[in-house]
Amino acid sequence: RSTLFPYTTLFRSSYDEQAVCYDMCLRTMLQCLKDRKKRTIVIQGGPGTGKSVLAVNLLVRLINDSLNSAYVTKNSAPRQAFLTLLTKGQANKVVDIGHLFRSPFGLNQCKGNDYDCLIVDEAHRLNEKSGLFSNLGENQVKEIINAGKLSVFFIDKHQRISLKDYGSVEAIYEFANHFDAEVEHIKLESQFRCN
């Protein structure tokens, strides 16, 4: 079903950490498709380590391989920026690709494994519950892991900015364990800045 192998990375060898993460995500996705087992990847890194660049490049690759994937972030600014960049302001294109960039709110409506892969940028910003008064759903981390065969969480615990920010490595492990999902954890430490 997938053409994930053989593949080449989008990164130069000087960015070894980012290339290793990207390759690991593709290999893990392929394994999920082969054995139908749920898996979770945690990618931790500080500002400028390439988390968002990795997330978007991973989305592009998975979509090109015809896998049902989405980029998820609570923050609407990056979602809107990507839509504007990709559609160049053409409304009909926004309708076509708008589902690729989504909020975590509403994932409580998904059934198990509705997505092949959910790529969660800024996972530290996730809420415990969805809804206007945080009264819907059970837990956003749990809902994401439930909704995808593979869930990839990009997280930096030092970038929490609100008391409602619930996403943590511990919560990801807890709910991955709940779904009997294997977890891989990698840390990015080198800088990866892009124009």
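The structure holds zero disulfides, a disulfide being a pair of cysteine sulfur atoms within 2.5 Å. In general terms, a disulfide is a covalent bond between the sulfur atoms of two cysteines. For Cys21, the closest cysteine sulfur is that of Cys25, 6.5 Å away, which is too far for a bond. For Cys117, the closest cysteine sulfur is also in Cys25, at 7.2 Å, again too far for a bond.

Cys21 has 0% relative accessibility and counts as buried. Cys117 is buried as well, at 0% relative accessibility. Here, buried stands for under 20% relative accessible area, exposed for over 50%, and partly exposed for values in between, with a 1.4 Å probe and protein chains only.

## Basis of the model

This is a predicted model, in which local features need pLDDT of at least 70 and side-chain atom pairs count only at pLDDT 80 or more, while totals for chains, interfaces and linings use all residues. Residues are numbered from 1 along each chain as its sequence is written, and side-chain values use heavy atoms, with hydrogens and water left out.

## Overall make-up

The protein has six helices and six strands. Their order along the sequence is α-β-α-β-α-α-β-β-α-β-α-β. Both kinds of element are DSSP runs numbered from the N terminus: helices are H or I with at least four residues, strands are E with at least two.

Of the 195 residues, 49% count as buried. The accessible surface is about 10,100 Å², and 51% of this belongs to carbon and sulfur atoms; such areas come from the Shrake-Rupley method with a 1.4 Å probe, and for residues only the protein chains shown count as cover. Among contacts with a separation of 6 or more, 77% join residues 24 or more positions apart. A contact means heavy atoms within 4.5 Å.

## Helices H5 and H6

Two packed helices are described by the angle between their axes and the distance between the axes. Helix H5 (residues 140-147) and helix H6 (residues 169-178) have axes that come within 9 Å and cross at roughly 45°. The axes are lines fitted to C-alpha atoms, for helices over the stretch in contact, and the angles run from 0 to 180 degrees between N-to-C directions. H5 and H6 are therefore oblique to each other. Angles under 35 degrees count as roughly parallel, over 145 as roughly antiparallel, 65 to 115 as roughly perpendicular, and the rest as oblique. The crossing of H5 and H6 is right-handed, meaning that the near helix is turned clockwise from the far one by less than a right angle. On the H5 side, Val141, Lys142 and Ile145 take part; they meet Ala171, Ile172, Phe175, Ala176 and His178 in H6.

Seven of the eight residues of H5 are buried, so this helix is largely enclosed by the rest of the structure. The buried residues are Gln140, Val141, Lys142, Glu143, Ile144, Ile145 and Ala147. They pack against strand S1 (39-45), S4, strand S5 (148-155) and H6.

The loop between strand S4 (115-120) and H5 contains Asn127. Asn127 is buried, with a relative accessible area of 6%. Its C-alpha is 8.5 Å from that of Lys74, a residue 53 positions away in sequence. Glu128 is also in the loop between S4 and H5, but is partly exposed at 41%.

Lys38 belongs to the loop between helix H1 (16-35) and S1. Lys38 is buried, with a relative accessible area of 12%. Leaving out residues up to four places away in sequence, Lys38 touches several residues, including Asn113, Ile145, Lys149, Phe179 and Asp180. From Lys38 to Val183, 145 residues along the chain, the C-alpha separation is 9.3 Å.

## Positive phi angles

Ser66 is not a glycine, yet its phi is positive, near 60°. Ser66 lies in the loop between helix H2 (51-64) and strand S2 (69-72) and is exposed at 61% relative accessibility.

Asn113, likewise not a glycine, has a positive phi of about 60°. Asn113 sits in the loop between strand S3 (101-102) and S4. With a relative accessible area of 30%, Asn113 is partly exposed.
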